[in-house]
Amino acid sequence: MMEERVNLMHMMKLSIKVLLQSALSLGRSLDADHAPLQQFFVVMEHCLKHGLKVKKSFIGQNKSFFGPLELVEKLCPEASDIATSVRNLPELKTAVGRGRAWLYLALMQKKLADYLKVLIDNKHLLSEFYEPEALMMEEEGMVIVGLLVGLNVLDANLCLKGEDLDSQVGVIDFSLYIKDVQDLDGGKEHERITDVLDQKNYVEELNRHLSCTVGDLQTKIEGLEKTNSKLQEEITKQDTKVELETYKQTRQGLDEMYNDVWKQLKEEKKARLELEKELELQIGMKTEMEIAMKLLEKDTHEKQDTLVALRQQLEEVKAINLQMFHKVQNAESSLQQKNEAITSFEEKTNQVMSSMKQMEERLQHSERARQGAEERSHKLQQELGGRSSALQQQLSQLLEQCSSLEKELKSEKEQRQALQRELQHEKDTSSLLRAELQQVEGLKKELRELQDEKTELQKVCDEQEQALQEMGLHLSQSKLKMEDIKEVNKALKGHTWLKDDEATHCKQCEKEFSISRRKHHCRNCGHIFCNTCSSNELALPSYPKPVRVCDSCHTLLLQRCSSSTGS
């Protein structure tokens, strides 16, 4: 809590300083669209919210800084006009919006410091709304009131009609307070001039406050003198003494406040030196981020070169695959032609074998007839021994028949030899065909090997295509990482990680957190949402796994991913 108080006090100093500098450059008249003025109200809202107690009711929990501001109406009657005008505005529906409108009107009246001083003087009433260690309950509250006195120099023209004060997001923009080293070196003289002017305005405001208090005391003294004139002389003397003592005490308190303000000026100078050191550290971080971006760009260029080489290798592999495919087609066509020749040769061999079988059957038939003729001649020689002349004639006839039969046998033998020669020739041709078949089988083996090589090459091609796809994905991821690093670099300036105690309502749906509606941080913007408004998960560059992201960040990151993939 002490660190938060110190940080908020420093931020208030910076916001008031930047607001005064911008107002001096613009002529000390500001509008509602002025960015430093908007950031001042955001910082003021954070200061008023620090250490607020949560009020529980039947409806739910209520944590709003408009409750303490309503006490000003009771303590200071001059603030009744602000309270009534805020309540009569029809656009305001929440306590946060009414509190913001109250701050706007108090700044336009140039009495914001006076009203807050009245609140801080009555800490026994503020204890109902704030914790004991809150900023408004400690000494830092008085310091901030002293800083707000300098804003009475400004003229603010703020229009509350048409302003959506209920749904404004109270995020501090640190980019307004971060300056380059060159700007710091070049603007030292300007800072000195503005510091002198601020001190002058501060002293003038203190004198104005002192004169106002003196005038109030004088009016009180005059009223007391009129009332005491009716009373006895002794009572009048005692009352005048008491009033003089109170006047002296108030004068001493103002002198002490003036000394405290001078001490605070010295502390502000020390804080400015610390901020300059922090600026140097942030510049070093920025240079490191630029070096990392350059290294990432070099890696992407090298990966693109490897992608080009892999694509050339793929084209060469595809050309080799086409050549192998043409060779396989030629081998298959030659195999079909040889198979057709083998079938024709087999048909011819079958025809020769059938003709050989027919010739063998004829030879067997002729041998049987010759054997029967010899048997008949032997029988005739035995029966007709005496009939030799007739038989000799018959023998001569039979011999002639035998000679004719022998001639037929010789001719059949010659035909058989010719058929055997043809068989031998057919056998030689069949052996040649078998050798060609063996060659065809070898070609088939070569075909199978080529097909295996083709499958292996296809696997290699598929692997290389997968590698190319992975390289493409890696490149896209590296580009996304580069964009994410840029976004993180930007986010370092804009986003803050909210604490659980700072958020009581959901950032998107504005529903109040409870036991059933838990708090969840968005890992991208750092704000706190309910489960329904932050149920999405995405992979961020600062986290290795997908993490919880709010709906608005989810849609924004998806649009960026789709635009990067489309490009």
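Trainee: Why is the contact between the side chains of R87 and E73 called a salt bridge?

Mentor: A salt bridge requires a side-chain nitrogen of Lys or Arg within 4 Å of a carboxyl oxygen of Asp or Glu. The N to O distance for R87 and E73 is 3.1 Å, so the pair meets that definition. The model is predicted: local features need pLDDT of at least 70, side-chain atom pairs count only at pLDDT 80 or more, and totals for chains, interfaces and linings use all residues. Residues are numbered from 1 along each chain as its sequence is written, and side-chain values use heavy atoms, with hydrogens and water left out.

Trainee: Which elements hold R87 and E73?

Mentor: R87 belongs to helix 4 and E73 to helix 3, so the bridge ties together parts that are 14 residues apart in sequence. Helices here are DSSP runs (H or I, at least four residues; strands are E, at least two), numbered from the N terminus.

Trainee: What makes R87 buried, partly exposed or exposed?

Mentor: The relative accessible area of R87 is 41%. Buried means under 20%, exposed over 50%, and partly exposed in between (1.4 Å probe, protein chains only). R87 is therefore partly exposed, and E73, at 26%, is also partly exposed.

Trainee: How many salt bridges does the structure hold?

Mentor: The structure holds six. One of them joins E45 and R100 at 3.0 Å, N to O. E45 lies in helix 2 and R100 in helix 5, so this pair connects parts 55 residues apart in sequence. E45 has a relative accessible area of 6% and is therefore buried; R100, at 8%, is buried as well. E45, K49 and R100 are linked in a network of salt bridges.

Trainee: What makes up the largest nonpolar core?

Mentor: Such a core is a set of buried Ala, Val, Leu, Ile, Met, Phe, Trp, Tyr and Cys residues joined through side-chain atoms within 4.5 Å. The largest one has 64 residues, and F40, W102, L116 and L148 have the most contacts inside it. Elements that give two or more residues to this core include helix 1 (2-26) and helix 8 (139-148). Helix 1 provides the largest share, nine residues.
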